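Open the model in your viewer and keep the selection panel at hand. This tour goes from one residue pair out to the contact around that pair.

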Amino acid sequence: MRYLSTRGGMPPQRFTDILLGGLAPDGGLVVPEHYPAIDEATLEKWRALPYADLAFVLLRLFCDDIADADLHALVRRTYTAETFGSPDIVPLRGLETDLHLLQLSNGPTLAFKDVAMQLLGHLFEYVLAREGRALNILGATSGDTGSAAEYAMRGRRGIRVFMLSPADRMSPFQTAQMFSLRDENIFNIAVDGVFDDCQDMVKAVSGDLRFKARHAIGTVNSINWARVVAQVVYYFKAWFAVTAEGGAREVSFTVPSGNFGNVLAGHIARRMGLPIRRLVVATNENDVLDEFFRTGVYRPRATADTHQTSSPSMDISKASNFERFVWDLVGQDGARTAALWREVETRGAFDLSGTPEFARIGAFGFVSGASNHATRLATIRETESRYGLVVDTHTADGLAVAQRWREPGVPMVCLETALPAKFAETIREALGRDPGRPAAYEGIESLAQRYTRMPADVAMLKRYVAERAPAVDAAPTAAAA
Ligand SMILES: *Cc1c(COP(=O)(O)O)cnc(C)c1O
């Protein structure tokens, strides 16, 4: 398998060449040169595989420059009942006839990002050791991504994590999750400012190419290809679970979406031949994706026009993985994709309405819908009273939108993207009481916290990193932002 850029300007590369990287050198995103095809006989053969073995047979189609035995060992170490709470890893819970919840949030940080990030931790450690390199991950977080990255990278050889967060602005639970870590390779930096200040500091440091090379700075953001590919696995797992008893063959999925990484994995599973009928994109009040799927217009918002909502992990102004989908939609044409993103830069939007390409949206199975605070609260209440189940705010957005797209006889699987314990304030508003939390997280807020407080000062951040991440001689190829 070789990888190309969505904008057509990158010589073909192998999986481990792109693993640690960010954007392609031409500003595009890396994509596989083809989607491996899975026929019916293979699907049936894979049906009985445990999660880790299913992950192995799928991953090796995309990653052929890690020896089979090594890759198999890596995924077996990643997908354990100890880390994910059950041998199923991603259990399927039936809510009613033809409505299911795929429980993706039983990993260490209680959000679906763990499924991919935990694998990334093992893959990074393996590849860095093989190449005798180190990596210093520099990131900014408002909550979910930072903790998932820290729990995936903690204690890993050759890796340090420097994670910036806005001081006193994360929820007490999220703060405790990150700041209570005692691992020597994890550095929490609480910045006097808001999330955008943290993001700007990371950009400024990454933009200093000499510093970045000297200190082997990299990222683990949502455009990382290995994260997308790790998520393909659970669409297969869910399809096997839903179709185990015979009956319907086609299954629909609803995916709470922000940066379009999760639902892109569903699209890839469908392109590989998994019998998926519909992929329902569910957004919150930040409806840039819903607008595209309804109208053909892609119009990223300015930061000032991005709403702060009660499903904060979907508060995005632009969907960073969306370019991979559009590349596929326009027939994998790099020049056309590059032209569309030039339009975004110069005119602020592109419009595919009325084009033959936009007509393919239907053939790709995509539909969409948006949710809002009132709908979210109503869905949390309804789900609790009907099924005795408390869902988090993002999952509630998905369940609300899923109802609009259910069809008789077609099972609908809703992806649970976090546990309600992470978003207690809104659960209290909806139900008048606190959500439960897994036993391991009882009293986490009272653990000792370890972090460094810092003004939004780039020079100070550079000094802090340089003192803890010794300079390397050879320039690494790691990771553009
Ligand atoms: C990251 C996140 C999302 C959005 O996922 P994308 O892959 O960015 O579309 C939704 N819900 C939760 C809880 C998340 O943490």
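Start with Glu323 and Arg7. The two form a salt bridge, and their closest N and O atoms are 2.8 Å apart. Keep in mind that this is a predicted model.

Next, colour by domain. The domain assignment gives domain 1 as 3-86 + 111-225 + 444-468. Domain 2 is 92-110 + 228-439.

Now select the residues in contact. Domain 1 contributes 54 residues and domain 2 contributes 49 residues.

How much area do domain 1 and domain 2 bury between them? The figure is about 4,500 Å², with 61% of it on carbon and sulfur atoms.

Turn to the polar links. Between domain 1 and domain 2 the count is four salt bridges. Across the same interface, 22 residue pairs are in polar contact, both residues being at pLDDT 80 or more.

Hide domain 2 and look at the side of domain 1 that touches it. Select these elements in turn; each supplies at least two residues to that side:

- strand E2 (30-32)
- helix H2 (40-46) and helix H3 (51-62)
- helix H5 (81-84) and helix H6 (113-131)
- helix H7 (144-153) and helix H8 (172-179)

Which helix gives the most to this side of domain 1? Select H3, which gives seven residues.

Last, colour this side of domain 1, the one that touches domain 2, by residue class. Its residues divide into 32 nonpolar, 13 polar and nine charged.

Definitions and conventions
Residues numbered from 1 in each chain as written. Predicted model: local features only at pLDDT ≥ 70, side-chain atom pairs only at ≥ 80, totals over all residues. Heavy atoms only, no water. Domains from an automatic or database assignment. Contact = heavy atoms within 4.5 Å. Buried area = accessible area lost by both parts, 1.4 Å probe. Salt bridge = Lys/Arg side-chain N within 4 Å of Asp/Glu carboxyl O. Polar contact = N/O pair within 3.5 Å; in protein donor to acceptor, adjacent residues only side chain to side chain. Helix = DSSP H or I, 4+ residues; strand = E, 2+ residues; numbered from the N terminus. Nonpolar A, V, L, I, M, F, W, Y, C, P; charged D, E, K, R; others polar.
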